[in-house]
Amino acid sequence: MDRAEKKAAIETLHTAFKATNVVVVAHYSGLTVAQMQVLRKQMRLAGATVQVAKNRLARIALEGTDVASIGPLLKGPTLIATSSDPIAAPKVAIDFAKGHEKFVILGGAMGKTALSPDSVKALASLPSLDELRAKIVGLLVAPATKIAQIVNAPAGKLARVVQAYASKDEAA
């Protein structure tokens, strides 16, 4: 890798670190190419990205970003997962780590807050943004549904009473 390529890699990483809300750092030593492709695909589907970068270049790219606290984690064969959704990258990383013992989560950062491996697990256990939106909509719709049921209940009872008298008259 020549100097120009290194400079371009640093700029790309710096831009990614500036634009992200959460970063997860993990060791991937021992994973096959097929397993890495599965991880990349799962991350892409969740709206996250995975990058394997030289640790020295990544440390340089971290300077001046909110996620600079991950610098000490960049030792050995590390990969960096980033996402703008604070739940996406941790959730996919934790799910992938459950099925692959060679994938070890070292920690991460959410904004200026450093995350331990346990913090990444806790973040992954939270519902996603879409799930939260669905719950809020459900909470907003529930009272209106109950009001409609209460308002319609007397009319329904009256209709059943009239139907009962009508069927009684037909039987007689």
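Me: Why is Glu11 called partly exposed?
Reply: Its relative accessible area is 47%. Buried means under 20% relative accessible area, exposed means over 50%, and partly exposed lies in between (1.4 Å probe, protein chains only). Glu11, at 47%, therefore falls in the partly exposed class. A word on the source: this is a predicted model, where local features need pLDDT of at least 70 and side-chain atom pairs count only at pLDDT 80 or more, while totals for chains, interfaces and linings use all residues. Residues are numbered from 1 along each chain as its sequence is written, and side-chain values use heavy atoms, leaving out hydrogens and water.

Me: What makes Leu13 buried or exposed?
Reply: Leu13 has 4% relative accessibility, so it counts as buried. Like Glu11, which lies in helix H1 (residues 3–19), Leu13 is found in helix H1. Helices here are DSSP runs (H or I, at least four residues), strands are E runs of at least two, and both are numbered from the N terminus.

Me: Which residues does Leu13 touch, not counting those up to four places away in sequence?
Reply: Leu13 touches Gln51, Ala53, Leu57, Ala58 and Ala61; contact means heavy atoms within 4.5 Å. Leu13 and Ala61 are 48 residues apart along the chain, with their C-alpha atoms separated by 5.8 Å. For Glu11 and Ile60, 49 residues apart, the C-alpha separation is 9.5 Å.

Me: How do you know on which side of H5 its buried residues sit?
Reply: In helix H5 (residues 117–124), Val120, Leu123 and Ala124 are buried. They cover an arc of only 100 degrees around the axis, which puts them on the same side of H5. The arc is that of the directions from the helix axis to the C-beta atoms. An α-helix has 3.6 residues a turn, so residues three or four places apart point the same way. The buried residues of H5 pack against strand S1 (22–27), helix H4 (88–99), strand S4 (104–110) and strand S5 (113–115).
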